[in-house]
Amino acid sequence: DDEIERERVSQRLPGGCCALAAVYLMGKFYVANAGDSRAIIIRNGEIIPMSREFTPETERQRLQFLAFLRPELLGKEFTHLEFPRRIQPKELGKKILYRDQNMNGWAYKKIEEDDLKFPLIYGEGKKARVMATIGVTRGLGDHDLKVFSSNIHIKPFLSCFPEVRVYDLTQYEHCPDDVLVLGTDGLWDVTNDKEVAGVVMEVLMSYEPNDPCRYTMVAQELVVRSRGVLKERGWRLANDKLGSGDDISVFVIPLGGPGNYT
């Protein structure tokens with residue numbers, strides 16, 4: 001993240017990205033995720049999550065706590081409190097449900113002038129945004145990113161620190177069909193864990209266990225199925241739903257088998 005900031009100044013290179021990394025060291029896999037990519041292990045047909053997505057919804061309390069400690073980061077346009085819906089001026093003085101950085105559930109409060117400001121986190125699911133700007137809350141770069149038509153920077157809320165999960169390969173005996181799958185959100189937006197595991201098993205069964213290209217073919221098949229087929233109404237999946245419109249990058253890494261740790 002610091003290097004991206006230096007290049008922003010010296011080479012005038014703006015922008016940023018999410019990051020998902022897997023490091024193998026002394027019999028263990030360390031999987032680090034900063035963003036909305038995802039990693040899963042498929043072992044004997046079982047799905048083992050190795051990361052979680054960082055979005056305005058999953059990190060609501062961290063974002064609200066930062067805004068509570070440093071309200072100047074919100075300018076005069078946003079409130080760190082969350083409400084079930086956008087508050088209208090005519091509701092001043094009325095009681096409505098809300099929650100702050102310390103709350104999992106909801107409570108009632110009397111609406112004040114500050115509550116009419118735009119919420120720090122707005123929208124639900126894939127449409128949730130931090131200050132109506134960005135839908136991911138961890139990543140690298142984006143030091144120049146600001147709220148539209150303002151001087152409010154998003155970066156203080158965009159953390160570059162990843163969550164790291166550890167998987168000990170020495171605790172299990174792995175077969176050639178056990179894999180670690182790394183994928184960007186372009187894959188997971190249209191394909192869930194169970195569907196990915198199904199494609200993995202389907203493709204691996206069509207190749208010999210000692211054929212090294214079988215894992216590359218799994219990755220290729222996951223990309224192709226998530227993109228879909230170009231039709232008159234755009235890219236479509238097999239079920240005729242929209243294919244992924246985002247970039248799709250997939251790695252499939254074997255955990256066992258000939259020449260590997262077992």
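This is a predicted model: local features need pLDDT of at least 70, side-chain atom pairs count only at pLDDT 80 or more; totals for chains, interfaces and linings use all residues.
View 1. Residues are numbered from 1 along each chain as its sequence is written, and side-chain values use heavy atoms, leaving out hydrogens and water. The count is one cavity of 30 Å³ or more. A cavity is a set of points, on a 1 Å grid over the protein atoms alone, where a 1.4 Å probe fits but cannot get out. The largest cavity has a volume of about 40 Å³. Volume here is the space filled by probe spheres set on the points, which are joined across faces, edges and corners. What lines the largest cavity? The residues are Arg 60, Gln 64, His 80, Leu 81, Glu 82, Pro 119, Leu 120 and Ile 121. Lining residues have an atom within 4 Å of a point. By class, four are nonpolar, two polar and two charged. Nonpolar covers Ala, Val, Leu, Ile, Met, Phe, Trp, Tyr, Cys and Pro; charged covers Asp, Glu, Lys and Arg; the others, Gly among them, are polar.

View 2. The structure holds four aromatic pairs. One of them joins Phe 118 and Tyr 122: it is tilted, at 4.9 Å centre to centre and 50 degrees between the planes. Rings of Phe, Tyr and Trp (its six-membered ring) pair if their centres lie within 6.5 Å; planes under 30 degrees apart are stacked, over 60 edge-to-face, and the rest tilted. Ring pairs link Phe 78, Phe 118 and Tyr 122 into a cluster. Tyr 122 is partly exposed, at 39% relative accessibility. Buried means under 20% relative accessible area, exposed over 50%, and partly exposed in between (1.4 Å probe, protein chains only).

**View 3. Arginines over rings.** Arg 43 lies over the face of Tyr 172, 3.7 Å from the ring centre. The charged end of Arg 138 sits over the ring of Phe 54, 4.0 Å from its centre. The rule: NZ of Lys or CZ of Arg is within 6 Å of the ring centre and within 35 degrees of the ring normal.

**View 4. Positive phi in two loops.** Met 131 has a phi near 50 degrees, a positive value in a residue other than glycine. Met 131 lies in the loop between strand E11 (129–130) and strand E12 (140–141). Strands (E) are DSSP runs of at least two residues, numbered from the N terminus. Ser 149 has a positive phi too, near 60 degrees. Its place is the loop between E12 and strand E13 (163–168). Which is buried and which exposed? Met 131 is buried at 0% relative accessible area, whereas Ser 149 is exposed at 66%.

Notes:
On a 1 Å grid over the protein atoms alone, a cavity is a set of points where a 1.4 Å probe fits but cannot get out, and a pocket is an open set with protein on both sides within 12 Å along at least five of seven lines; lining residues have an atom within 4 Å of a point. Helices (H or I, at least four residues) and strands (E, at least two) are DSSP runs, numbered from the N terminus.
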